[in-house]
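User: Please take a close look at a single part of this model and describe how its side chains are placed and paired. I would like one connected account.

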Amino acid sequence: MIKAFAGGLAGACVVTVVHETLRRMMPDAPRMDVLGMRSISELMQKADMEPPQDKDELHTWALAGDIVSNSLYYSLAGTGKDAWWRGAVLGAAAGAGAVLLPGPLGLGEEPSNKTTRTQVMAVGYYLLGGLVAAAVGHALSDES
């Protein structure tokens, strides 16, 4: 279980680093951080709590939440040789969700659907995360 979580953490960190790097360089890069900030604000307001007013603090909360939730999600790729297909499926599913779900969830569509390129990059980020999780899980397993 610890080996699978290490893979999940690696995948989550890669997704976050890629996202944070490319959003600063490309105007049509996905803005999953914006979706995270909107989610936190909305959930806190529904719980009668005051979300952070400072945008930088809210951004930090969103990144931390992304790393924790993505680590747990990607850890489902597990270990061993089967981690590869599980990581690929998990990554592709997360990417599809990143493109298809924000609008219906009331978080806005532009952060992950601004252009076709934005959509492709969003799916690619999460697929990469799943494959990194699989690679680490496989490398740490007794089957590697």
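Analyst: A polar contact here is a pair of N or O atoms within 3.5 Å; within protein, one atom must be able to donate a hydrogen and the other to accept it, and residues adjacent in sequence count only through two side-chain atoms. The model is predicted, so local features need pLDDT of at least 70 and side-chain atom pairs pLDDT 80 or more, while totals for chains, interfaces and linings use all residues. Residues are numbered from 1 along each chain as its sequence is written, and side-chain values use heavy atoms, without hydrogens or water.

The account begins with Thr118. Its side chain makes a polar contact of 2.9 Å with the side chain of Thr115. Thr118 belongs to helix α6, residues 116-140 (helices are DSSP runs of H or I, at least four residues, numbered from the N terminus). With a relative accessible area of 1%, Thr118 is buried (under 20%; exposed is over 50% and partly exposed lies in between, with a 1.4 Å probe and protein chains only). Apart from neighbours within four places in sequence, Thr118 is in contact (heavy atoms within 4.5 Å) with Asp28, Ala29, Pro30, Pro111, Ser112 and Asn113.

Arg23 sits in helix α1 and, at 18% relative accessible area, is buried. Its side chain has a polar contact of 3.4 Å with that of His59 and another, of 3.0 Å, with that of Glu20.

Side chains of opposite charge can pair when their charged atoms come close. A salt bridge is counted when a side-chain nitrogen of Lys or Arg lies within 4 Å of a carboxyl oxygen of Asp or Glu, and this rule gives six salt bridges. In one of them, Glu20 pairs with Arg23, with 3.0 Å between the closest N and O atoms. Because Glu20 and Arg23 stand three residues apart in helix α1, about one helical turn separates them. Glu20 is also buried, at 9% relative accessible area.

Arg23 forms a further salt bridge with Asp33, at 3.5 Å from N to O. Since Asp33 lies in helix α2 and Arg23 in helix α1, this pair ties together parts that are 10 residues apart in sequence. Asp33 additionally meets Arg31 in a salt bridge of 2.7 Å, N to O. Through shared partners, salt bridges join Glu20, Arg23, Arg24, Arg31 and Asp33 into one network.

After α2 comes Asp48, which has a positive phi, near 55°.

Notes
Helix = DSSP H or I, 4+ residues; strand = E, 2+ residues; numbered from the N terminus.
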